[in-house]
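Please look through the sequence and the 3D structure shown here before reading the briefing.

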Amino acid sequence: MSAAHRAWLAAVSIAPIGAIASPAHDALRAAGPQAAHIADLWWLTLGVCAFVFVAVLAALAWALWRTPRSDAGTPADAAPAPAAEKRIGRRVTVAVTISSVLLIGLLIASVMTDRALAHLSLDDALHVQVTAHQWWWTVTYDDRQPERIFTTANELYVPVGRPVLVTLHSDDVIHSFWVPSLHGKKDLIPGRVATIQFRADQPGEYLGECAEFCGLQHAFMAFDVVALAPAQFEAWADAHRKPAAEPEDAAARRGRDLFLSGSCMLCHAIQGTSANAHKAPDLTHFASRARIGAGRLPNTPANLAAWIADPQKIKPGVNMPAHLIPGDDLGALVAYLGTLR
Amino acid sequence: MTKAMAIGVAGVIVLMSGCEREERDFDRTALRSNPRAQADGMADLQPGQPGRGMRPTASAGGYNPNSAYEVAQGKQWFRWYNCVGCHAQGGGAIGPALMDDKWIYGSTPDTIFATIVDGRPNGMPSFRGRIPEAQVWQLVAYVRSMSGLISPDVAPNRSDGMAGAPPEGRREPTRPDENKPK
């Protein structure tokens, strides 16, 4: 069943993205306590519903089997049957009682699950702000010291074993933040602030997605959650706090000048340069990301060139326009973005 | 019975008229090659870092005042590219007002396009190589909607921020007065 389940998942959700190693995306294989609580409730509900389904079908089969058979010669049964009615009444009472007990049991289990979800200890929690846009995510890591705050996009790195408190905002329409391996869904409603807390107990990569239809490219609004050992996470965060390095070779330097004098810098930011706009993903450490276009394509130079040349062919409706520029300009831009490790 | 059916059919026809009201053509690249001269703009002022910017080898898009989507995108760029920084929400501040009937450099789509791309003396920067042409055309459509120069059923009716003026779709059409600057 499990293998079939994974095969189905691969066919339905991963196939359109192409040849990418699929990050975990399975609500029934919990990688943290929150998802485990939800999975427990799911299995309990499945068990109760399966029991009720089987019991109802068995009762139906039994009723069909015991129905008095009659043929044309059977005389009409006009006798009163008070004893039988009484017996049936008792059975109905018992069945209604069992149903009520099961439903109340599910209600209690649901409330207990909610309480358990709310009781995740937030001692020493990592605070992250996530803002959803059509159709990508801004991720900002908060810190008590302002100079240690940094921003990335479409990826959420978390330390294993440490709780994460995510504050959710929406920039435009209603989105929903969903990492099935770590927690349930949480809607992001424009003008309101929501929070979600979870903990990853196993290192690994988990796929997060927008789970509320939000427009044309809702299907390609994914983000990667990467759970690292605490020391590795700190190393990653320290690397991401640094501004972009100065490019060394000539092509990359030309690409940087194009980036800063062309249209890129009107929407994108690269820390350490004069590009500081926030209408598109922050590209300070772009080359370290696995995918581009919020999960649309693997981050390879060829894909990046195709994306810059005409994003509308790859993700129709996205806000980035086509850049019909000469091939050497395009190559220089791709070379520069490739240096942003 | 037949009357109810006739009303039903009429209702369906009325609803169907709303179908495909507007086509969104995202893939409009390379409609024309090099339509604009690559001469330098009229203004030295440029947003961002000085430099040659991006030199497109072909043009995407064109003026399309009949698509609500295009005009709404233009409204978004008007804020994102900080046109509001000088022109405010059309009422004017450092730059001239855009919601009245006065046009210093002309109100036609081509002249507005040239104003944005080449810049104008005394303050308007040149966005040549900064804003892709498809987006400039969307901006042109939106700028014209600010003074009621495009159809009200296409002009945007909703602002993302607070706005004092009535929405673009409810503005009285102005008659451009090209000879009365300022």
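The briefing below goes through the chains, the surface patches, the salt bridges and the backbone.

This is a predicted model, in which local features need pLDDT of at least 70 and side-chain atom pairs count only at pLDDT 80 or more, while totals for chains, interfaces and linings use all residues. Residues are numbered from 1 along each chain as its sequence is written, chains are lettered from A and ligands numbered from 1 in the order in which they are written, and side-chain values use heavy atoms, with hydrogens and water left out.

**Chains and domains**

- Chain B has five helices and zero strands, and its pattern along the sequence reads α-α-α-α-α; helices (H or I, at least four residues) and strands (E, at least two) are DSSP runs, numbered from the N terminus.
- Of the 182 residues in chain B, 42% are buried, where buried means under 20% relative accessible area, exposed means over 50%, and partly exposed lies in between (1.4 Å probe, protein chains only).
- Chain A is assigned domain 1 (33–62 + 82–118), domain 2 (126–241) and domain 3 (250–339), with bounds that come from an automatic or database domain assignment.
- Between the C-alpha centres of domain 1 of chain A and domain 3 of chain A there is a distance of 55 Å.

**Surface patches**

- Patches are made of residues with over 30% relative accessible area and no salt bridge, with like charges joined within 9 Å and nonpolar side chains (Val, Leu, Ile, Met, Phe, Trp, Tyr) joined within 5 Å.
- R87(A), which is placed in helix 3 of chain A, is partly exposed because its relative accessible area is 39%.
- A nonpolar surface patch is formed by F51(A), V52(A), V56(A), V94(A) and I98(A), which together have about 440 Å² of accessible area; such areas come from the Shrake-Rupley method with a 1.4 Å probe, and for residues only the protein chains shown count as cover.
- Helix 2 of chain A gives the most to this nonpolar patch, with three residues, while V94(A) has its place in helix 3 of chain A.

**Salt bridges**

- A search of the whole structure finds 16 salt bridges over all chains, each being a side-chain nitrogen of Lys or Arg within 4 Å of a carboxyl oxygen of Asp or Glu.
- Side chains of opposite charge can pair when their charged atoms come close.
- E234(A) and R162(A) are joined by a salt bridge between their side chains (3.7 Å, N to O), and this pair links distant parts of the chain, with E234(A) in helix 4 (residues 230–241) of chain A and R162(A) in the loop between strand 4 (155–159) and strand 5 (164–170) of chain A, 72 residues apart.
- E234(A) counts as partly exposed because its relative accessibility is 32%.
- D124(A), R162(A) and E234(A) are linked in a network of salt bridges.
- The side chains of D224(A) and R291(A) also meet in a salt bridge (2.5 Å, N to O); this pair too links distant parts of the chain, with D224(A) in strand 10 (residues 222–228) and R291(A) in strand 11 (residues 291–292) of chain A, 67 residues apart.
- Both D224(A) and R291(A) are buried.
- In the salt bridge of D310(A) with K313(A), the closest N and O atoms are 3.4 Å apart; D310(A) counts as buried, at 6% relative accessibility, whereas K313(A) is exposed, with a relative accessible area of 54%.

**Backbone features**

- Most residues other than glycine have a negative phi, and most peptide bonds are trans.
- Q134(A) and W135(A) are joined by a cis peptide bond, with omega about 0°, and W135(A) is placed in the loop between strand 1 (126–133) and strand 2 (136–141) of chain A.
- D124(A), although not a glycine, has a positive phi of about 60°; D124(A) lies in the loop between helix 3 and strand 1 of chain A and is exposed, with a relative accessible area of 58%.
- N82(B), also not a glycine, has a positive phi of about 65° and is found in the loop between helix 2 (68–80) and helix 3 (84–87) of chain B.
- N82(B) counts as partly exposed, at 49% relative accessibility.
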